Structures are given as C-alpha cells and as structure tokens.
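Here's a quick briefing to read alongside the model on your screen. Have the structure open and click on each residue as it comes up.

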Amino acid sequence: METYQTQPPKPNSHMPMAIISTVISVIACSIIPSTIFGIISIVYASKVNSKYNMQDYEGAARASKNAKTWWIVTIVSVVVLFIIGIILFTSAFGEEFMDKFMEEYQKELEKANR
C-alpha cells in the first residue's frame, strides 16, 4: 500500500519586500549597513522556491522567515539612520544655522520682489 504525502503550502518568499527595502536603503543613501541587510534578505528570499521545489519544506519555511526578518531589519535600520542623521544635523547646526538661513532667505525674497 502506497501512502501519498501532501505538500505543505509554499511559504511566502518575501521577494518583493526584500527588493523594495533594498531599493529604499539605496535611495536613502544608507549604504552600510542597510543595503547589506537588504541583500541578505534577497538571498534568503531567492532560496524559498528552490528549497520548496527540492521538497525541503522546513528549509523553505526557514528561508521565508529569515527573508522577512531581514527586510524588516533593513527598513528599521534606514529609519534609525535617518533619525540619527536629523539629530546630528540639528545638533551640529541648530538654531543659529536656521536664523542665518532665514536671514538669507528673506534677503533673496526682497531681491526678487524689487
């Protein structure tokens, strides 16, 4: 008597989010470490289908989970680096910078209105 084993459903590869998060990290100019995290996510996402097709269902599920984890890490690191950049910019230039900027801006507006 033969027993037929049913395949579990194929796990989500998370490839679209892996690519999107990597592109966002490149656009945000946070090359290191965010882009590296995004590339790791893409690598894991690409392993899901091949492991599933080789009937390594557990490996496919692990790769899916890792891909999801790494694209989330990519997005979080971009946000954290962006916040750190804002904090450093404002602490380095602060109120004095904004005052001088607004003075120059007002001068340019007056020139344009003449």
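His14 is buried, with a relative accessible area of 14%, because buried means under 20% relative accessible area, exposed means over 50%, and partly exposed is in between (1.4 Å probe, protein chains only). You'll find His14 in the segment before α1. Keep in mind that this is a predicted model, where local features need pLDDT of at least 70, side-chain atom pairs count only at pLDDT 80 or more, and totals for chains, interfaces and linings use all residues. Residues are numbered from 1 along each chain as its sequence is written, and side-chain values use heavy atoms, with hydrogens and water left out.

- Most residues other than glycine have a negative phi.
- His14 is not a glycine, yet its phi is positive, at about 60°.
- Gln55 also isn't a glycine, and its phi is positive at about 65°.
- Gln55 sits in the loop between α2 (31-53) and α3, and it is exposed, with a relative accessible area of 54%.

**The whole chain**

- The protein chain has three helices and zero strands; helices here are DSSP runs of H or I with at least four residues, strands are E runs of at least two, and both are numbered from the N terminus.
- Starting at the N terminus, the order of elements is α-α-α.
- The radius of gyration, taken over C-alpha atoms, is 24 Å, well over the 13 Å that the globule rule gives for 114 residues, so the protein chain is more spread out than a compact globule.
- That globule rule is 2.2 Å times the number of residues to the power 0.38.
- Along its principal axes, the C-alpha trace spans about 95 × 30 × 15 Å.

**How α1 and α3 pack**

- Two packed helices are described by the angle between their axes and the distance between the axes.
- For helix α1 (residues 15-27) and helix α3 (residues 57-113), the axes come within 9 Å and cross at roughly 20°.
- Those axes are lines fitted to C-alpha atoms, for helices over the stretch in contact, and angles run from 0 to 180 degrees between N-to-C directions.
- α1 and α3 are therefore roughly parallel to each other, as angles under 35 degrees count as roughly parallel, over 145 as roughly antiparallel, 65 to 115 as roughly perpendicular and the rest as oblique.
- On the α1 side, Met17, Ala18, Ser21, Thr22, Ile24 and Ser25 meet Trp71, Thr74, Ile75 and Val78 of α3, where contact means heavy atoms within 4.5 Å.
- Sorted by class, this contact has six nonpolar, four polar and no charged residues; Ala, Val, Leu, Ile, Met, Phe, Trp, Tyr, Cys and Pro count as nonpolar, Asp, Glu, Lys and Arg as charged, and the others, Gly among them, as polar.

- Ile75 is in helix α3 and is partly exposed, with a relative accessible area of 27%.
- Not counting residues up to four places away in sequence, Ile75 touches Ser21 and Ile24.
- Ile75 and Asp99 are 24 residues apart along the chain, and their C-alpha atoms are separated by 34 Å.
- Pro8 lies in the segment before α1 and counts as partly exposed at 32% relative accessibility.
- Leaving aside neighbours within four places in sequence, Pro8 is in contact with Tyr52 and Tyr57.
- Pro8 and Tyr57 are 49 residues apart along the chain, and their C-alpha atoms are separated by 7.3 Å.
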